[in-house]
Amino acid sequence: MRVTVTINGVERTADVEPRLLLVHLIREVFELTGTHIGCDTTSCGACTVLLDGMPVKSCTLFGVQADGHEITTVEGLVQGGQLHPIQAAFKEEHGLQCGYCTPGMMLVAKALLERNPTPSDEEVRWAISGNICRCTGYVNIVKAIQAAGNAMAAPTASAAASA
Amino acid sequence: MSTQLRERVRGVVGESAPRIDGVPKVKGTFAYGSDLWHERMLWGATLRSPHPHARIRRIEVGDAVAAPGVHAVLTADDVPGKKLYGLEFADTPVLAWDRVLYAGQPVAIVAAETPELARRAVARIVVEYEVLPAVTDMERALDPAAPKLHEWGNVLRHVRIEHGDPDAEAEVWVEGYYETAMQDQAPLGPEAGLAIPAEDGGVDLIVSTQWLHVDRQQIAPCLGLPEEKVRLTLAGVGGAFGSREDLHMQIHACLLALYTNRPVKMSYDRRESFLAHVHRHPSRIWMRTGASREGKLVNVRARLLIDGGAFASSSPAVIGNATTFAAGPYEVPNALIEGTAVYTNNPPCGAMRGFGAPQVCFAHEAQMDRLARELGIDPIELRLMNAVHTGSVLPTGQVVRGSAPVREVIELARSASLPPEPEPPPMRHPMTLPGGAGNVGRGEGLRRGVGFAVGYKNIAYSEGFDDFHQARVTLAAGPGGPVVEVHSAGVECGQGFSTVLAQVARTELGVDRVTLHAADTQLDSAGSTSASRQTLMGGGAVQLACAAVRQELFDRARSRVGVTGALSLADGWVLAEGVRAVEIADLLETPITATRTFHHRRTTPLDERGQGDVHVMFAFAAQRAVVEVDVELGLVRVVQVVSAIDAGRAINPQAVEGQSEGGTAQGLGLAVMEELQLRDGVIANASFTDYLIPTILDMPPVRTEIVEVPEPDVPFGAKGVGEHATIVSTAAIVAAIRDATGRELNRAPVRPDDVVGLRLPASSASWPPAPDVPGQEPLPAYHGVARGQSALTQSS
């Protein structure tokens, strides 16, 4: 089946089997391996991407279900050669260790912060409750998301780190 | 002033320097093993035994060979070299023949054009098994009438530590029995790698692992190749926690690549990951603790049993650790501690963060609480009264010679302010109640409890191992000033090791631009990224290499520029008597390179009485946990953890906090949710829907207190910090649940049935007898089984 998606702002078309999961379409057909696979059972959130701005676990959708939609993956976060404030904050605040969950965490954070730039601890916790991190204990992830929110709310005050 | 600040080298030792791998990881360009790709690449898949114990009558591969897209179907007959490998002893078949000893053991491997075709071909392999009686209980394994797994029986290692007068009488005794479950490391990145056949008949392997050189040492003999024809490069590691110490797909992918002469990728899914790596040992611990009326410990008698599963893995070292730490970080003048690791037909167990220490901490800390109750002494005062300090003698006779800030970690963990009392249930958001998102209660039957635990562990390898670390440092001119290139085979698993190396190099050479070479086997071994050892060992190796580079730089400064007096380096300059004399960049018309190897202080094996200077150094930790328990529903919410970490010196404080917080999460998992459940030797919950690991909603705020009392005679006085929190947090959290419920709760993880009293405490009829063994060594050593990693460390 033909599937056409706008992925990170670029329209891409592929001819794929209907059974192909969205995560495999992204990783193997479009060769964007920043979206990870952690569990195969929709438990861990390592494969989270944004579908029309909404976080979805891409192992839970078929590729063809994304036809005509916009997808954002971690590779789409860098803007004009600069790290997105969320990326800069995860890097600065040690919001990652092994980094495997990080793309999914950052995309959930993006959806949250675009809605609510100054989330409380509880709001951040609830937002990322579908994403597992095995390394950090989550403390620095919450800090990173809140720091990113502050930077996004006051862009002039944030020294955007160079990508 | 402002100019100086700008020029100052940042990211040195002691600063929370940003992670050196931060940018590729946030951009999604960091390539994990599962992201590797090669032209003309085939995919490998594995057929695994469904039975915990069976004889293989026949393997029929014809249908699989004939399946579409299949390029190879290999069994044990196709292994060109040695058919056995292993981390400590070569007792593990590359592919099973004759018998399978656990459910999940690899039997055959396939290479095909796509992962789907490879899996379909695996399903077409016919194996005829004769199912044999399985030994799936660790006490049953000790029964002389039980089926024997190996020719030397079911005992893998028995350690006996006699200290002082083991028959010494005490005024007060408390006795307990404890169990901990099999825990999975569950790194988020599954096992994966890519093997590429080389023109010289060798193979290049890019793989997510913890120790490249000991992998190669095990791989090459099985391929029938000399080590130099097996070249390993580290792929991105998506967490490890011990699970990647043992081989997973390494030999299989290399075999398939050499057989097909095509690159072969193997990448496990989550279910296979659960089957393919070793787990944390389940334990059973019997302990009697004797003290004077005043609360001074007099005698500890303990019997430890851990389930090693079907093959040795690192179980001999784990039981060595568990036995030596079983009395806790306390002064005990008399002790008899015996620990046994047994073989069973359960999945193999090996390294997981803490390496035997979390299991015994769970027991010795529960004993301290019992004793405090019996004596009517405050449990924290009891711990303080008995805490080891520099100069204390441990049950092995080893004197604690380094820093031992046990009182400090205890005081910090206890003095932190408690979380505020919660609002009464009707006022509270139901999400904040135990059971939270499950919306199962309205806060009836809530009770708060506070628990405390202290523990300790060794840093680096023990019992005579020389697990050295080699590093190469090159200082060269770059377009924007001098650049330091650091090369080491040490593995970054996510904990921040490579950032530590960069910080050490910046500190030693006064240069801020550091490039890290990919970890590979071009240099000599760096040892394993385990045992909290890489900050010590890698930091030490880079410091030595930097010192050699600095010496050459000073020689150049003296001979070419004529500087005199005492020289030093800072912020890109050579200083003479503290005054800027010449820029480093001006001395680098040719690069300066030095390769150096760091060895830790030598230790000794355990003697026949279990005495010896067995550990390099010690790190201590204390935690206080506050929990809220719904005693009607049996649900637990951990409200707060205060984690006091003895770091020696924090090379990167933010990274130390990360280790403390992440380590606490894994200890919390074993306290309240994580358990690999076995049904007759078969893992029943090999998925993240059935094996639960803590999400953020399960995690409390963790407050970390870093204690810095430098360890003498080691680089920067720094101890590793990878395992501290995990050692103590299970014990602290379960103690808090005991405090809230008044129940015995002698088994981790605590289940709702335990909390409400539907399940009785774990019990045991009697202490198991000591097996008849020739000595303290692992049994395979007495039977001539080939050595694994210790041969590597001793020959170099």
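Reader: Starting with chain A: at what angle do helix 2 and helix 5 pack?
Author: Their angle is about 140 degrees, and the axes of helix 2 and helix 5 of chain A are 8 Å apart. Axes here are lines fitted to C-alpha atoms, for helices over the stretch in contact, and angles run from 0 to 180 degrees between N-to-C directions. Keep in mind that this is a predicted model, where local features need pLDDT of at least 70, side-chain atom pairs count only at pLDDT 80 or more, and totals for chains, interfaces and linings use all residues.

Reader: And how are things numbered?
Author: Residues are numbered from 1 along each chain as its sequence is written, chains are lettered from A, and ligands are numbered from 1 in the order in which they are written. Helices (H or I, at least four residues) and strands (E, at least two) are DSSP runs, numbered from the N terminus.

Reader: So what do you call the arrangement of helix 2 and helix 5 of chain A?
Author: Helix 2 and helix 5 of chain A are oblique to each other, because of that angle. The cut-offs are under 35 degrees for roughly parallel, over 145 for roughly antiparallel and 65 to 115 for roughly perpendicular, with the rest oblique.

Reader: Is helix 2 of chain A passing helix 5 of chain A in a left-handed or right-handed crossing?
Author: Right-handed. A crossing gets that label if the near helix is turned clockwise from the far one by less than a right angle, and left-handed if anticlockwise.

Reader: Which residues make the contact?
Author: From helix 2 of chain A, A:P85, A:I86, A:A89 and A:F90 take part, and from helix 5 of chain A, A:A144, A:A147, A:A148, A:A151 and A:M152. Two residues are in contact if their C-beta atoms, placed from the backbone, lie within 7 Å. By class, the contact of helix 2 with helix 5 of chain A has nine nonpolar, no polar and no charged residues. Nonpolar means Ala, Val, Leu, Ile, Met, Phe, Trp, Tyr, Cys and Pro, charged means Asp, Glu, Lys and Arg, and the others, Gly among them, are polar.

Reader: What about helix 2 and helix 3 of chain A, at roughly what angle do they cross?
Author: Roughly 130 degrees, with the axes of helix 2 and helix 3 of chain A coming within 10 Å. Helix 2 and helix 3 of chain A are therefore oblique to each other, and their crossing is right-handed. A:I86, A:Q87 and A:F90 in helix 2 of chain A meet A:T102, A:M106, A:A109 and A:K110 in helix 3 of chain A. That contact of helix 2 with helix 3 of chain A splits into four nonpolar, two polar and one charged residues.

Reader: Switching to the interface: how many residues of chain A are in contact with chain B?
Author: 41 residues of chain A, against 43 residues of chain B. On the chain A side, the elements giving two or more residues are helix 2 (85–92), helix 3 (102–115) and helix 5 (139–153) of chain A. Helix 2 of chain A gives the most, with four residues. By class, the chain A side that touches chain B has 20 nonpolar, 15 polar and six charged residues.

Reader: What's the strand order in the five-strand sheet of chain A?
Author: 2-1-5-3-4, an open sheet with mixed pairing. Two strands pair if DSSP finds at least two bridges between them. Strand 2 (10–15) and strand 4 (54–57) of chain A are the edge strands, each pairing on one side only. Helix 3 of chain A lies across strand 3 (48–51), strand 4 and strand 5 of chain A, at about 35 degrees to strand 3 of chain A.
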